[in-house]
Amino acid sequence: MKKSILFLACASLLAGSAAAQDAASLFAQGKAAIEKYDKMSADFQLQLVKDKNAEDVTAKERAEIFMQGVDLLKQVLACDTIIEVDKKTGEPKIDKKTGKPKFKTKFSAEVVSILNGHVGDYGPIGDAYYKAQDFQKAFDAYDLYAKGLQSDAFKDRVKSSDVGQVLFMQAYMAFNLKQYETAYDLSNKAEAMGFESTDISVVRNNSVALFVEQCVNEKAIDKANAFVDKCAAEKNTGFLQYLKGFIVEQDKGFEAAESFYHKAIELDPSNAMAQLRCGDCLYKKAQKIIDENLDASNKQLAPKLIPLFEEAIPYFEKAKELDDQCNAQAYLDDIQYKLELLKSAK
């Protein structure tokens, strides 16, 4: 039993020694990378002093070097453990509370200092990756930036709206990566933290719309419904009700969707597509009557069709007023033609 304990103690010492060696190597490489980044950044700033229009040709290269350095230093934090040894017995000191060997760190304090001292660099790094259209790396950089700004070292010195702006940039990267659920959630967080921009609603709405379109194309109606319901529970909008109607129409038809389009207009009368769909539902009701009564004359159909077409006209006119690029005019032209035929047959 004693031999077994001694063996375990030796194994722990060897593991601690290996970890210390790894930490030393990783720390040297990581620190060198950050120093190289600092030197390149300083060189570019000097270049700007000489020529304020100087092109930043090393932006992505600096970003790569910086992020490599950060990755190496983060690895240091994971393995920078040195087991404390009792000088008399040569065995690990045991923590009375945990019952595990005590350990100390050698490089972690300096690593944290280096990382904290470069929190502000994550923003330009993200911008450099975004400019190079490397959206995943830009997302990762903005993520580190937001987390850094919210850490204990900075959270009392940074406005929440500034963090919100970083979160929005992260949302925009997620959108470009077609990670629509993530983009939607981050847009909401950015807004909740006080960042104000009309771009938030654009990214948020487009994220939901494209996610829904993606789900509908994949026949994943339940998934689309669940996401829109979740979004509406957080913040109901006319746009979300319009999307709900769109999903329901693909699944159960226009009659089941009609109430959602009307709800969309109640919440947001300026939603051109909701106005168009309300008119379209009435138009389809009329067309259904025509299809079910192919042998009926215009005179016989007129009492049923005229009210439906006339009720639809204001919706199409409003849709055209709000968005002259929608196909409302095609509906209006067709309805006008049919109304003339129906009224002349009376």
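Modeller: A residue is called buried when its relative accessible area is under 20%. The model discussed here is a predicted one. Phe-107 has a relative accessible area of 13%, and is therefore buried. This residue lies in the loop that runs between strand 2 (103-104) and helix 3 (108-117). Phe-107 and Leu-77 stand 30 residues apart along the chain, yet 7.8 Å separates their C-alpha atoms.

In soluble globular proteins, nonpolar side chains tend to be buried together. In this model, the largest nonpolar core holds 98 residues, and those touching the most other members are Phe-66, Ile-125, Val-208, Phe-309, Phe-316 and Ile-335. Helix 13 (residues 298-322) makes the greatest contribution to this core, namely 11 residues. As for Phe-309, when residues up to four places away in sequence are not counted, it touches Tyr-283, Ala-286, Ile-335, Lys-338, Leu-339 and Leu-342.

Apart from neighbours within four places in sequence, Gln-241 has contacts with Ala-232, Asn-236, Phe-260, Lys-263, Ala-264 and Leu-267.

Helix 12 (residues 272-292) may be considered last. Its 21 residues, at 1.5 Å a residue, should span 30 Å, and this agrees with the 30 Å between its end C-alpha atoms. Where helix 12 starts, a side-chain oxygen of Asn-271 comes within 3.1 Å of the backbone nitrogen of Met-273.

Definitions and conventions:
Residues numbered from 1 in each chain as written. Predicted model: local features only at pLDDT ≥ 70, side-chain atom pairs only at ≥ 80, totals over all residues. Heavy atoms only, no water. Contact = heavy atoms within 4.5 Å. Core = buried A, V, L, I, M, F, W, Y, C linked by side-chain atoms within 4.5 Å. Buried < 20%, exposed > 50% of the residue type's maximum accessible area, 1.4 Å probe, protein only. Helix = DSSP H or I, 4+ residues; strand = E, 2+ residues; numbered from the N terminus. Expected span 1.5 Å × (residues − 1). Polar contact = N/O pair within 3.5 Å; in protein donor to acceptor, adjacent residues only side chain to side chain.
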